[in-house]
Amino acid sequence: MNNFIVNRSSHPFNSHEVKQILEQIVCPAINRQTDYDSMKCIQLSKDLSQIIKDAMKLLNYDQYKYVIQVVLGQCQNENLMMTCRCLWDIQQDNYVSYVYSNEKIFCAVTVFGLFYY
Amino acid sequence: MDDTNDTSFVVDEVSNVIKESIEATVGSQSYQQAKINTWTSNIVEAILNSLTKLNKPFKYIVSCVIMQKNGAGLHTASSCFWDNTTDGSCTVRWENKSMYAIVSVFGLSI
């Protein structure tokens with residue numbers, strides 16, 4: 001008979017804490033841009049994802065893998081829809097999504113935390 | 001060789017799954033505000049179903065962005081903290097005359 005005993009994380013993913021971190025990182029970064037500049041935004045999106053990944057590592061959640069997705073765009077009255085679905089462990093895995101925009105740029109960040117058994 | 005195929009993320013396989021799913025859902029249609037919600041959900045769910053059928057020991061994250069073609073710029077970036085030998089991602093950028101679709105799939109081994 002198989003007995004699949006699943007570990008539980010000793011320090012689980014806390015959405016509220018992660019959301020606060022995202023606000024602290026994303027808002028100043030976007031507000032620092034005076035206008036939408038294509039070349040700067042390429043670098044900014046990459047930098048933001050690295051900075052957020054490093055911040056997640058500092059949070060020290062036990063046994064978690066992270067995926068951070070950053071979507072940066074110009075505000076030009078276009079319509080945009082972003083959807084995601086996941087196949088995961090609903091008791092241990094979670095995600096946090098944060099959207100911030102000013103008149104020129106919008107930024108949508110999603111952080112996924114997946115438990116590693 | 002067979003072992004690595006079963007337990008690592010195969011980008012080509014997933015890329016085909018994504019392309020088929022986008023073509024089947026949005027194909028040659030024009031951007032319609034009322035349908036965009038259904039389209040993104042259908043694309044993502046179809047991809048997740050196909051990936052589940054591959055029967056690999058993976059957790060998946062599928063994300064889809066559909067944007068109207070308006071001249072505006074869009075950038076996406078992702079960074080991951082995972083096991084490089086077994087985990088992987090695949091991003092497909094697709095467009096037609098009236099919209100862009102960017103679909104990302106992340107596969108993390110259990």
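Q: Where in chain A is A:T83 placed?
A: A:T83 belongs to strand β2 of chain A. Strands are DSSP runs of E with at least two residues, helices are runs of H or I with at least four, and both are numbered from the N terminus. The model is predicted, so local features need pLDDT of at least 70 and side-chain atom pairs count only at pLDDT 80 or more, whereas totals for chains, interfaces and linings use all residues. Residues are numbered from 1 along each chain as its sequence is written, chains are lettered from A and ligands numbered from 1 in the order in which they are written, and side-chain values use heavy atoms, with hydrogens and water left out.

Q: Why is A:T83 called buried?
A: Buried means under 20% relative accessible area, exposed over 50%, and partly exposed in between (1.4 Å probe, protein chains only). A:T83 has 9% relative accessibility, and therefore counts as buried.

Q: What makes the link between the side chains of A:T83 and B:T40 a polar contact?
A: A polar contact is a pair of N or O atoms within 3.5 Å; within protein, one must be able to donate a hydrogen and the other to accept it, and residues adjacent in sequence count only if both atoms are side-chain atoms. The side chains of A:T83 and B:T40 are joined at 2.7 Å. Leaving aside neighbours within four places in sequence, A:T83 is also in contact (heavy atoms within 4.5 Å) with residues including B:V44, B:V62 and B:C64.

Q: Why is A:W88 called partly exposed?
A: The relative accessible area of A:W88 is 25%, so this residue is partly exposed. A:W88 is placed in the loop between β2 and β3 (94-101) of chain A. Beyond its neighbours within four places in sequence, the residues in contact with A:W88 include A:F112, A:L114 and B:K59.

Q: What makes β2 of chain A and β1(B) a pair of strands?
A: Two strands pair if DSSP finds at least two bridges between them. Eight bridges join β2 (residues 80-87) of chain A to β1(B), and the strands run antiparallel. Within β1(B), B:I61 is the bridge partner of A:C86. β1(B) also pairs with β4 (residues 99-109) of chain B, antiparallel over eleven bridges, where B:V62 is partnered by B:V105.

Q: Why is β1(B) said to be largely enclosed by the rest of the structure?
A: Ten of the eleven residues of β1 (residues 58-68) of chain B are buried, so the strand is largely enclosed by the rest of the structure.

Q: Why does the span of α3(B) agree with expectation?
A: The expected span of a helix is 1.5 Å times one less than its number of residues. The 18 residues of α3 (residues 36-53) of chain B should therefore span 26 Å, and the end C-alpha atoms are 26 Å apart, which agrees. The buried residues of α3(B), among them B:W39, B:T40 and B:V44, have a cover that includes β2 of chain A and α2 (11-25), β1 and β4 of chain B.

Q: What makes the link between B:D87 and A:K65 a salt bridge?
A: A salt bridge is a side-chain nitrogen of Lys or Arg within 4 Å of a carboxyl oxygen of Asp or Glu. The side chains of B:D87 and A:K65 meet at 2.8 Å, N to O. β1(B) gives the most to the side of chain B that touches chain A, with eleven residues.
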